Amino acid sequence: MEPGARDATAGAPYVEASRVKKKSSKENKQTTLAPSEQTSTMKRLFGFEKEDISSWHRLVCLLNRPTDPASLGIFRFLFGMLMALDITQERGLSHLDYKYLDGAPVCRFPLFNFLKPLPMDWMFFVYFVMFLGAVGIMLGCFYRLACLMFISTYWYVFFLDKTTWNNHSYLYGLIGFQLTLMDANRYWSLDGLRNPRKRNAHVPLWNYTLLRTQIFIVYFIAGVKKLDADWVEGYSMKYLAHHWLFEPFKLILPVELISLMVVHGGGLILDLTAGYLLFFDATRPVAFFFVSYFHCMNSQLFSIGMFSYTMLATSPLFCYPDWPRRFFGHFPEFLQPILPFVSPAPISSSSCVYPKPPSGSGGQQEAHAAPKPTTPSFKHKFRAIFTILYIMEQFFLPYSHFITQVCTMETC
């Protein structure tokens, strides 16, 4: 659900390190030892206790646990920016007149073979709406409307031609759909400037759970698909070893071993383990290095548009949600007005379920600042059900070829 467990209380407010009063060495020692004595191993590893999933009520509370919106807001900005660039490239805006030539043979998607391109002038309008939606997502401006503008036109263009299908284009549509349901405009957004209730407000944990699980599936299923004879024996991509990117490896290995061990073996191991390594605190720095190196290489090896950069943008989602506050806190003060928030603690939100403060925890000032406890409502339960069903569906879809085999010669 949430990597690590730095805060003992779910949704604990962020406090800027430079503004915390220094304590005596004795106090520091006590506060250092306290979490290790009170926090279980499961809490430190996974971010929640075993009791949090012991009943439906507790699971709903866990999935709707208040979480810092900072990391989600940064990802929203990067995703919207990359999709705006992608529209002019892989989506085909730059060669629209050639992409939709009248009378050109097209292979339709099963169940969507009724979709046809609009006249050229209207197709330009469709792409313009998609572009505005991507920019709106990036800026967090009229966020829900921008998401609907983007995904409605994106999926329409996606389903127009089956021959252009690829995994990462499908992934963009899934992420756009997920962001439509999330509160990703709670941090560093124009909506937050217009509405104080949205500005720097908590988001429920399921927002992060969906995105993290989706990226885990991307890596893991890619690794599972590589467990065939051609890939394991080093035949699928053996030509890649001759690329200039592998010149450093040629100093110690022959080309044949580079193809077998680095290209095929390294790609297989990375895909199978990346999702796990990114999740845990101890292995995340190593995973960041190899995943970043992997995607940077892919951006040079293949013509895959914004995919490598989009995957790079997803990696920080596995960090603690408040990482942007600590990161941008190191910038000079004169840049703070244009940078994301650093010091303010997130405010309460109706999208989250707030637990009762533990008995005997802190003084009157902490109790006064803590949000009022809430009980799960129907919308919280519904979102928990949706999260579970969506994750189950995403694990099932890579093996649903028996459903899509209904394609006939009429559709292709």
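**Helix packing in a predicted model**

Good morning. I begin with helix α6 (residues 120-139) and helix α7 (residues 143-158), which pack at an angle of about 140° with their axes 7 Å apart. Helices here are DSSP runs of H or I of at least four residues, strands are runs of E of at least two, and both are numbered from the N terminus. Axes are lines fitted to C-alpha atoms, for helices over the stretch in contact, and angles run from 0 to 180 degrees between N-to-C directions. The angle therefore makes α6 oblique to α7; angles under 35 degrees count as roughly parallel, over 145 as roughly antiparallel, 65 to 115 as roughly perpendicular and the rest as oblique.

A word on the source. This is a predicted model, in which local features need pLDDT of at least 70 and side-chain atom pairs count only at pLDDT 80 or more, while totals for chains, interfaces and linings use all residues. Residues are numbered from 1 along each chain as its sequence is written, and side-chain values use heavy atoms, with hydrogens and water left out.

Among the residues making the contact (heavy atoms within 4.5 Å) are Met123, Val126, Tyr127 and Gly133 of α6, together with Tyr143, Cys147, Phe150 and Tyr154 of α7. By class, this contact comprises 16 nonpolar, three polar and no charged residues. Ala, Val, Leu, Ile, Met, Phe, Trp, Tyr, Cys and Pro count as nonpolar, Asp, Glu, Lys and Arg as charged, and the others, Gly among them, as polar.

In the loop between α6 and α7 sits Phe142. Its phi is near 45°, a positive value in a residue other than glycine.

How does α7 meet its other partner, α8? The axes of α7 and helix α8 (residues 167-181) come within 9 Å and cross at roughly 155°. On the α7 side, the contact includes Tyr143, Arg144, Leu148 and Trp155; on the α8 side, it includes Ser169, Tyr172, Gly176 and Phe177. Here the division is 14 nonpolar, four polar and one charged.

A further pair lies later in the chain. Helix α12 (residues 255-279) and helix α13 (residues 284-301) have axes that come within 8 Å and cross at roughly 140°, which makes α12 oblique to α13. α12 passes α13 in a left-handed crossing. Leu270, Asp271, Ala274, Leu277, Leu278 and Phe279 of α12 meet Arg284, Ala287, Phe288, Phe290, Val291 and Phe294 of α13. That contact has 10 nonpolar, no polar and two charged residues.

Turning to annotation, an unreviewed UniProt entry places "transmembrane region" at residues 124-157 and 205-224. In residues 124-157 the end C-alpha atoms lie 11 Å apart, and the span is 91% helix and 0% strand. In residues 205-224 the ends lie 28 Å apart, with 100% helix and 0% strand.

Finally, confidence. The mean pLDDT of the chain is 85, and 84% of its residues reach 70 or more; pLDDT is the predictor's confidence in each residue, from 0 to 100. Over residues 363-368 the pLDDT is below 50, and this stretch has one contact beyond near neighbours in sequence. Residues 407-412 are also below 50, with 10 such contacts. Where pLDDT is low, the predicted coordinates should not be read in detail. Thank you.

Methods:
UniProt positions renumbered as here; feature names shortened; annotations may be inferred. Left-handed = near helix turned anticlockwise from the far one by under 90°.
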